[in-house]
Amino acid sequence: MSLPSRDSGSDAPARPLLQHDPDRETSGVAGPQPAITRRIYISHFLSTWNSRVFEFGAILYLAYIFPDTLLPMSIYALARGVAAILFAPAVGHYIDTGNRLAVVRFSIVVQRVVVAASCAVFWVLARGDLDLRAFTPWLLVLLALLACVEKLCSVMNMIAVEKDWVVVVAQGDDLALRALNAQMRRIDLTCKLVGPLIIGLVDGLSTEIAILANFGMNMASVLIEYYAIARVYQAVPDLQQPKQSSGETDPNAEPSPRASPLRRVAGGMRSFLHQLRFYFCHRALLPSFAGALLYFTVLAFGGQMVTYLLSAGYNSMLISIARTVSVAFEISATWIAPTVMRRIGPIRSGIWFVSWQMCCLAAAMSAFWTLDSRIWAASSLVAGTMLSRVGLWGFDLSVQVIVQEEVEAAYRGSFSSVEAAWQNVFELCSYATTIIFSRPDQFHWPVSISCIAVMVAGGMYAGFVRMRRGHLFHPPHCIAMLDKRAQEYERVPSSRTAASA
């Protein structure tokens, strides 16, 4: 398959794969059946819930086991991020070439086994009644390796289900696709809010009980999760079709296992470079890369911003309230975005949402720099961040629809995995800003860098909209009428000039 060329500025949109795909087998029913969507929601909820609970729980467990140092937690988090960057292309290749059910089954089973093993190690370390000082560094290394596998399986499940399965399940109905995307994102954000809260409350009673509860939820959900997603696979015949025809060669194909180690490494590098070239030459590059660039931020009620707010005078109760309100704004975007896309389309809705985000953060940054009171400056940052989350997740849903419609079915995994790798790269860059500017009185600079990253992302997406549509915003009616009359005047035959002469 030849690589798609970059958009050269033509106003004609690319062929929407969802609406006019001659290879799609239609069942005569528009959109998925409610039973199918319900099962995919159940599977996605269980996967996301366990991932969010373990991700936050691991931080609490490490803080309890190593109370006097942040080094183990930093190593653990860094290992997960680096693994997602280095091995994301291999995950994408597996998604594109493997059987859909086999890919999701592998991600579910391996992730549950890895989390169970991690909980066992955490429990042994948390007990403290065994003399494991000589083995503690090795157990920490084991936890970091298990965290890498857990992260990769989480990325695999997310890309396979959110980027590929929902497109097929929508059965060519773009309204159904947007509703599926919105509900999946709604599940993500709800788990992001409630999961850490629940495991945090249990950890407040006892860390050992929290580890056991984490282990129990993880193991109890695996059969339900797998059964639900398997029923979806059986109910949708298109999911059972291969992504590539039998005569189509895969340029990402890896060398045979019988090949020498050197040839296998060279083949893996060629596959990796091909995926990068495919990503950077694709017509959906600009919206995808702009969405990934938004991860370069400290304005997300994460550890960096929470640490600054505590130093500025906020207490944990106020931070919890602000974080809850922020997630409520994020969830509201999952209802607002589909409505806006239904009226003006995903491309136009993307420019409106990213513009809203830029305006909110620009106002917050201006107040943050100018206000003398630290508590009021921090409050302006909190307010601007909360309001900007509507634009962030509205833009995210718009970009997700664009990528789903633009990227070919056989390469959705490769494209989305490279996108996920860039997301992790920019997230690590955001941590680098607070390492360089580590004092609370220097937090102005990470805030400014984050806002610049959002502005650059908005500029990239504006360039995509300009190339695709020929303009960014519709002009007011009066200006449009004047332009129309001017064009009509220019089209007057030149015979009038000759006659007057």
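A salt bridge here is a side-chain nitrogen of Lys or Arg within 4 Å of a carboxyl oxygen of Asp or Glu. By that rule there are 15 salt bridges. Before the details, some housekeeping. This is a predicted model, where local features need pLDDT of at least 70 and side-chain atom pairs count only at pLDDT 80 or more, while totals for chains, interfaces and linings use all residues. Residues are numbered from 1 along each chain as its sequence is written, and side-chain values use heavy atoms, with hydrogens and water left out.

Helices are DSSP runs (H or I, at least four residues) numbered from the N terminus, and strands are runs of E, at least two. For accessibility, buried is under 20% relative accessible area, exposed is over 50%, and partly exposed is in between, with a 1.4 Å probe and protein chains only.

Start with a local pair. Arg-52 and Glu-55 form a salt bridge at 3.9 Å, N to O. Both sit in helix 1 (residues 34-65), 3 residues apart, about one turn of the helix. Arg-52 is partly exposed at 28%, and Glu-55 is partly exposed at 33%.

Next, Asp-396 and Arg-185, whose closest N and O atoms are 2.8 Å apart in a salt bridge. This pair links distant parts of the chain, 211 residues apart: Asp-396 is in helix 12 (residues 374-406) and Arg-185 in helix 5 (residues 174-205). Asp-396 is partly exposed at 21% relative accessibility, whereas Arg-185 is buried at 8%.

Helix 12 also supplies Arg-389, 59 residues from Glu-330 in helix 10 (residues 316-344).

Now the packing. A nonpolar core is a set of buried Ala, Val, Leu, Ile, Met, Phe, Trp, Tyr and Cys residues joined through side-chain atoms within 4.5 Å. The largest has 65 residues, and those touching the most other members include Leu-299, Leu-381, Phe-395 and Tyr-461. Helix 12 gives the largest share of this core, 14 residues. Taking contact as heavy atoms within 4.5 Å, and leaving aside neighbours within four places in sequence, Phe-395 is in contact with residues including Ala-290, Phe-353 and Tyr-461. Apart from that core lies another, of 56 residues, among them Ile-108, Val-168, Ala-170 and Ala-420.
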